Amino acid sequence: MKNPIENLNKVFDSRVRLGIMSALMVNEEVNFNELKELIGVTDGNLASHMKTLEENAYIKVQKGFIGRKTNTTYSITKAGEKAFKQHLEALEKMIRSLG
């Protein structure tokens, strides 16, 4: 029997990162507070997951200001979109093979 998890991407093992990538796949960009609220995590928790995704070149970070408040927005990169789609395909294949 073939290893059902061999094509899964370890970066997306975390449910938080799955949520982040899912949100970024369907939105052109999302800001930090929107993601934090959507996924239900703390500032520090979200920041550490975003750092991992950024280090893997799966997301692009844009920092700016709205008035005097900082505003950080995130968008998915082409590499991130490709890697996430491959991960989802691997998940689907794994589920179908177990049924």
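Reply: First, a definition: helices (at least four residues) and strands (at least two) are DSSP runs, numbered from the N terminus. On that basis the protein chain has four helices and three strands. Keep in mind that this is a predicted model.

Me: In what order do the elements of the protein chain run from the N terminus?
Reply: The order is α-β-α-α-β-β-α. The C-alpha atoms fill a box of roughly 60 × 25 × 20 Å along the principal axes.

Me: What makes T73 buried or exposed?
Reply: Buried means under 20% relative accessible area. T73 has 10%, so T73 is buried. T73 sits in strand β3. Beyond its neighbours within four places in sequence, T73 is in contact with E29, V30, N31, K60, V61 and Q62.

Me: And I76, how do you know which class it belongs to?
Reply: I76 has a relative accessibility of 18%. The cut-off is under 20%, therefore I76 counts as buried. I76 is also found in strand β3. With neighbours within four places left aside, its contacts are M21, L24, M25, Y58, I59 and E81.

Me: How far apart are I76 and K60 in sequence and in space?
Reply: They are 16 residues apart in sequence. C-alpha to C-alpha, the distance is 6.1 Å.

Me: Where does E34 lie, and what is its relative accessible area?
Reply: E34 lies in helix α2. Its relative accessible area is 45%. That falls between the 20% and 50% cut-offs, so E34 is partly exposed.

Me: What is the phi of A57?
Reply: A57 has a positive phi of about 60° although it is not a glycine. Most residues other than glycine have a negative phi. A57 is in the loop between α3 and β2. At 41% relative accessible area, A57 lies between the 20% and 50% cut-offs, so A57 is partly exposed.

Me: How does the reach of α1 compare with what is expected?
Reply: Helix α1 covers residues 15–26, which is 12 residues. From first C-alpha to last, α1 reaches 17 Å. That is close to the 16 Å expected at 1.5 Å a residue.

Me: Which residues of α1 are buried, and why do you say they line one face?
Reply: V16, R17, I20, M21, A23 and L24 are buried. Seen down the axis of α1, these buried residues fall within an arc of 160°, so they line one face of the helix. An α-helix has 3.6 residues a turn, so residues three or four places apart point the same way. The face of α1 turned away from the buried side carries exposed R15 and V26.

Me: What covers the buried residues of α1?
Reply: The cover includes β1 (30–31), α2 (32–39), α3 (43–55), β2 (59–66), β3 (69–76) and α4 (78–98).

Me: What share of the protein chain is buried, and how much of its surface belongs to carbon and sulfur?
Reply: Buried residues make up 35% of the 99 residues. The accessible surface comes to about 6,800 Å², and 51% of that belongs to carbon and sulfur atoms.

Me: How many charged side chains does the protein chain have?
Reply: There are 15 positive and 12 negative side chains. The centres of the two sets lie 2 Å apart.

Note on methods:
Residues are numbered from 1 along each chain as its sequence is written. This is a predicted model: local features need pLDDT of at least 70, side-chain atom pairs count only at pLDDT 80 or more; totals for chains, interfaces and linings use all residues. Side-chain values use heavy atoms; hydrogens and water are left out. Buried means under 20% relative accessible area, exposed over 50%, partly exposed in between (1.4 Å probe, protein chains only). Accessible areas come from the Shrake-Rupley method with a 1.4 Å probe; for residues, only the protein chains shown count as cover. Lys and Arg count as positive and Asp and Glu as negative; His and the chain ends are not counted. The place of a charge is taken as NZ of Lys, CZ of Arg, CG of Asp or CD of Glu. The expected span of a helix is 1.5 Å times one less than its number of residues. The arc is that of the directions from the helix axis to the C-beta atoms. Contact means heavy atoms within 4.5 Å.
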